[in-house]
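Work through the exercises below with the model open beside you. Each task is followed by a solution in steps.

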Amino acid sequence: MKKLVISVLTVFSLAASAQDLKPDYHEALRIVDVWLDAQREFELLPGMSVSIVNDQDIIFSRGYGYADTENKVPMQPETIFSICSISKLFTSIAIMQLWEKGKIRLDDSIAAVLPAYNLRQQYTESVPISIRSLLTHSSGLPRESAYPYWSAPDYYFPTLKEMNQQLGKQQTLYPSSTYFQYSNLGMSLLGEAVAAVAKMPYEKYVASNILDPLNMANTHPYLPKDLWRTKMATGYSALYRDGRRKMIPFFQAKGITAAAGYSSTVVDLARFASWQFRVLSGNDQQLLRSSTLKEMQRVQWMNPDGKVTWGLGFTIQQDGTNTYVGHAGSCPGYRSALRLSPKNKMGVAMMINAQGTDPEKYIASIFELLGRVKEPFDSAGKAVNLDAYAGSYDNYTWGGEYVAMPWKGQLAMFTLPSDNPAANMQLFKYIGGDSFRRIRKDEDMLGEELRFERDAGGKVIRLIQHDNFKDKLK
């Protein structure tokens with residue numbers, strides 16, 4: 001049986017060393033580390049990378065698996081990925097910078113900003129397609145330019161010239177400002193608007209006005225072909241029935257760059273998150289005013305059914321009292337996501353170099369786990385070394401592995417594989433010797449016993465629950 005390694009927590013900080021890590025997060029991040037390491041293997045993913053930021057500090061950053069499986073290139077937090085639709089955040093910020101300078105109005109029609117725009121409006125009752133409606137994906141435009149750039153084998157992305165040549169052959173899908181329709185075409189047109197209003201190439205504008213000032217040295221409005229399969233991760237397909245994943249050929253988004261053509265790392269996106277926290281706090285307004293970013297991250301569009309909410313370029317999700325903003329990305333061979341909790345100044349960036357697995361399911365569980373760090377400490381745990389029991393126990397007869405980890409003076413138990421260890425985590429209270437009892441959520445009485453056995457040398461080798469054995473993996 002393959003051993004699951006409980007690795008040492010990998011921590012990077014913009015302003016602090018690993019020794020300065022806030023103790024509140026240590027146990028949660030340790031669980032995140034063990035869980036992601038295992039899930040990558042269970043889901044047969046080539047690799048993934050993740051960074052977690054708390055305000056101005058990157059408190060966790062790590063790569064798992066391989067950036068390129070054939071060449072065995074290890075995945076690192078600094079590995080570059082195609083970040084796909086996260087690109088839209090930089091285009092949206094560029095538009096809002098020009099808005100702050102009075103060079104563009106959100107209610108300007110795209111036809112007024114781009115005189116060559118000639119896509120046919122088939123609804124005579126429609127209001128004009130505005131910059132605002134493009135930012136909120138409520139313009140009524142079709143999702144894509146009329147090219148098969150998401151399709152194998154060629155993934156042919158059009159140039160701006162080619163994209164504009166096809167505009168006159170396309171028509172609106174809905175009247176403007178009526179329904180939500182996610183549109184890469186619409187955001188690509190906003191990239192053209194940036195270039196037209198700023199009177200410089202789009203790529204030059206975002207580099208000099210956003211990326212360079214934020215020291216995002218590994219973030220570009222293109223994919224660095226010379227680094228592909230080394231410092232830039234190779235992309236792979238979704239999982240075939242036989243367990244294989246096919247390598248996806250290299251591509252450039254060309255005319256779709258403003259919507260889906262950027263590359264970056266989880267470390268750079270963590271820096272991007274920290275900048276947003278500074279702006280929202282009023283501590284950094286050189287690139288964007290605090291009030292502007294707050295407006296971008298406020299609900300600007302809600303579908304008639306109330307199920308889709310969108311800001312100015314940002315996705316907005318509500319979970320109880322917490323609001324999350326950010327964006328996800330999905331391109332041939334790559335999945336990525338950036339989610340921020342402005343209230344808690346927490347952010348998570350995750351990238352996977354394969355299709356078929358959504359990083360947002362991992363991010364949601366990470367936020368749920370980090371949200372539990374304020375749970376009270378159980379003083380009973382001071383009487384025992386909880387790390388002695390930490391590890392993975394063989395439960396493959398039923399479901400996989402049963403993992404024990406210290407948590408707030410108690411022992412946390414969860415199963416692997418799991419989409420959400422925070423949700424299925426059970427807590428056990430130390431009662432003496434090598435025994436614990438389950439903490440019930442519905443009443444004060446403790447539940448069944450969990451006891452451990454040791455070998456002659458005193459090392460924990462087995463746990464017993466309901467009189468059934470679970471052996472520690474060797």
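**Exercise 1.** State whether Phe-81 and Tyr-334 are buried or exposed, then describe how their rings are arranged.

Solution. Step 1: Phe-81 and Tyr-334 are both buried, where buried means under 20% relative accessible area, exposed over 50% and partly exposed in between (1.4 Å probe, protein chains only). The model is predicted: local features need pLDDT of at least 70, side-chain atom pairs count only at pLDDT 80 or more, and totals for chains, interfaces and linings use all residues. Residues are numbered from 1 along each chain as its sequence is written, and side-chain values use heavy atoms, without hydrogens and water.

Step 2: Rings of Phe, Tyr and Trp (its six-membered ring) pair if their centres lie within 6.5 Å; planes under 30 degrees apart count as stacked, over 60 as edge-to-face and the rest as tilted. Phe-81 and Tyr-334 are 6.2 Å apart centre to centre with 75° between the planes, an edge-to-face pair.

Step 3: Phe-81 belongs to strand E4 and Tyr-334 to strand E10, 253 residues apart. Strands (E, at least two residues) and helices (H or I, at least four) are DSSP runs, numbered from the N terminus.

**Exercise 2.** Classify the pair formed by Phe-180 and Trp-310, and explain why it ties together separate parts of the sequence.

Solution. Step 1: The centres are 4.9 Å apart and the planes of Phe-180 and Trp-310 make 40°, so the pair is tilted.

Step 2: Phe-180 lies in the loop between helices H5 and H6, and Trp-310 in strand E7, so the pair joins parts 130 residues apart in sequence.

Step 3: Phe-180 and Trp-310 are both buried.
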